[in-house]
Amino acid sequence: VVASVLSIATLSARELNVVPEPAYVDLEAEGDYAVTNKTRIIVVDEMWAPAERFSEDMMATMGFEKPMHMSKHGNKGIKVRTDSCIAPEGYEMTVSEEGVLIIGGDEAGVYYGLQTLRQILVTNNGCVPYGFVADEPSFRYRGAHLDVCRHFMSVDDVKEYIDILAAHKLNRLHWHLTDDQGWRIEIKAYPELTEKGSVRKETLIGHGLEPKWWDGKPHGGYYTQEQIRDVVKYAAERYVTIVPEIEMPGHAIAALTTYPELGCTGGPYEVWTRWGISKDIFCAGKESTFEFIENVLTEVLELFPYEYIHIGGDEAPRDAWKKCPHCQKRIKDEGLENEHQLQSYFMERIEKWLAERGRKII
C-alpha cells in the first residue's frame with residue numbers, strides 16, 4: 001500500500017510539522033487524539049525497544065513524570081507492530097478516536113514512526129490529528145559528520161548529537177577521530193597517542209595566521225575504549241550506525257608528534273594549533289608505518305562492528321615523499337612510476353588488509 005502512494009503528496013487543511021517531511025500525509029478527518037502520561041503503549045511483535053525509547057523521549061520532551069505504561073494487550077492507545085509488506089525503515093501511522101496505530105517495515109520503521117508521532121505531539125500541544133501518514137527512506141544511507149579532532153566534545157555531547165540525528169531519521173554517524181589537531185581514540189597498544197597526541201598547546205582563533213590570534217589555552221580530550229563502546233551501543237539503540245574515521249596518510253600530525261619515526265623526516269613534530277593542510281604525512285616507505293596502522297585498526301575493528309571503516313586519503317601532499325629515501329625505494333621496489341602511485345599503493349594495501357578481515361573502506 002505504501003509503495004503505491006508514496007509519490008502522491010496529499011495537501012491537508014491542517015499543517016503537519018515533521019522533519020523530514022513524510023512522503024504521504026492525509027489529515028482530512030476531523031478530530032485529534034490526545035496523548036498523556038496515562039496513554040498506554042500496546043506492543044506487538046516484541047517491539048519493546050522502540051517503545052521504550054519513545055517513552056524515554058516523552059519524559060524528556062513532554063515533561064512526563066514517569067514512563068508510559070506498556071503492555072502486549074489492549075485496544076485504545078498507541079499500538080506498534082511490524083509488517084513485512086512495508087519497506088525496511090518505512091512506516092504507516094493511522095490516527096483515530098481509538099488511538100494511534102504505527103506499523104513499521106521493521107523495528108527501525110516502528111522507531112521512525114514513533115519519532116514522527118513525537119514531533120507532532122511536541123508541536124501540537126500533546127495532540128495528534130486524525131488521519132494517515134506514510135513514509136519510507138529515499139536513501140538507505142542517511143548520514144551526518146562529527147569532527148571531534150579540531151574541537152573535542154564530551155560523551156554526553158556526542159550522545160545528544162546522536163539523539164538529534166535519530167529524531168530526524170538519520171541512520172549513520174561519521175565520527176572523525178584522528179587528525180592533525182588531536183588524536184581522540186584510546187589505542188591500548190600505543191598509550192602515548194592519547195597521552196601526548198590528544199592535546200595541543202593552544203588553538204588558532206578564526207582563520208588568521210598572525211600569532212596574536214592564538215588563544216594560549218591547551219585543548220585536549222579523548223575517548224576511552226569503554227566510552228566508545230558505550231556510545232556505539234547508545235547509537236545502535238537509536239538505529240544509528242557509527243562509521244569511524246582514522247586518517248591516513250595525511251592529517252597525521254597528532255600521531256607523528258607521538259611517534260616521529262613514522263614520518264619521513266623524523267620530526268620533531270607538534271600537534272597542530274592551526275587549520276589547513278600539513279605537508280608532513282605518514283612515511284609510505286617504512287614497514288613500521290604499516291605495522292602501526294594495522295595495530296591501530298585492529299583495535300578499531302573491535303570497537304566498531306559496521307562493515308565500513310573511513311581511512312581518509314584526502315589532502316595528503318607528497319612533498320616529503322619526493323625527498324624521502326624510504327619512499328623512493330618503495331617506489332622502485334614496487335615498480336611504481338611516481339608518488340601519486342605510491343599513495344594508491346598505500347591505500348590499496350590498507351584496503352586489502354581490511355578486506356581480509358571482512359571490512360570495506362571509505
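Arginine 238 and glutamate 56 form a salt bridge, with their closest N and O atoms 3.8 Å apart. A salt bridge here is a side-chain nitrogen of Lys or Arg within 4 Å of a carboxyl oxygen of Asp or Glu. The model is predicted: local features need pLDDT of at least 70, side-chain atom pairs count only at pLDDT 80 or more, and totals for chains, interfaces and linings use all residues. Side-chain values use heavy atoms, leaving out hydrogens and water, and residues are numbered from 1 along each chain as its sequence is written.

- Helices (H or I, at least four residues) and strands (E, at least two) are DSSP runs, numbered from the N terminus.
- Arginine 238 is buried, at 8% relative accessibility.
- Buried means under 20% relative accessible area, exposed over 50%, and partly exposed in between (1.4 Å probe, protein chains only).
- Glutamate 56 is partly exposed, with a relative accessible area of 36%.
- Both residues belong to a salt-bridge network that links Arg53, Glu56, Asp163, Lys233, Glu237 and Arg238.

**Lysine 159 and aspartate 230**

- A salt bridge joins the side chains of lysine 159 and aspartate 230, at 2.7 Å from N to O.
- This pair links distant parts of the chain, 71 residues apart: lysine 159 is in helix α4 (residues 155-167) and aspartate 230 in helix α6.
- Lysine 159 is buried, at 16% relative accessible area.
- Aspartate 230 is partly exposed, at 34% relative accessibility.

**Lysine 201 and glutamate 270**

- The side chains of lysine 201 and glutamate 270 form a salt bridge, at 3.4 Å from N to O.
- Lysine 201 lies in the loop between β14 (199-200) and β15 (219-220), glutamate 270 in the loop between α7 (253-258) and α8 (287-303); these distant parts of the chain are 69 residues apart.
- Lysine 201 is partly exposed, with a relative accessible area of 48%.
- Glutamate 270 is also partly exposed, at 44% relative accessibility.

**Whole structure**

- A search of the whole structure finds 19 salt bridges.

**Glutamine 225**

- Glutamine 225 is in helix α6.
- Glutamine 225 is buried, with 3% relative accessibility.
- Leaving aside residues up to four places away in sequence, glutamine 225 contacts Glu186, Ile187, Lys188, Glu299 and Leu303.
- Contact means heavy atoms within 4.5 Å.
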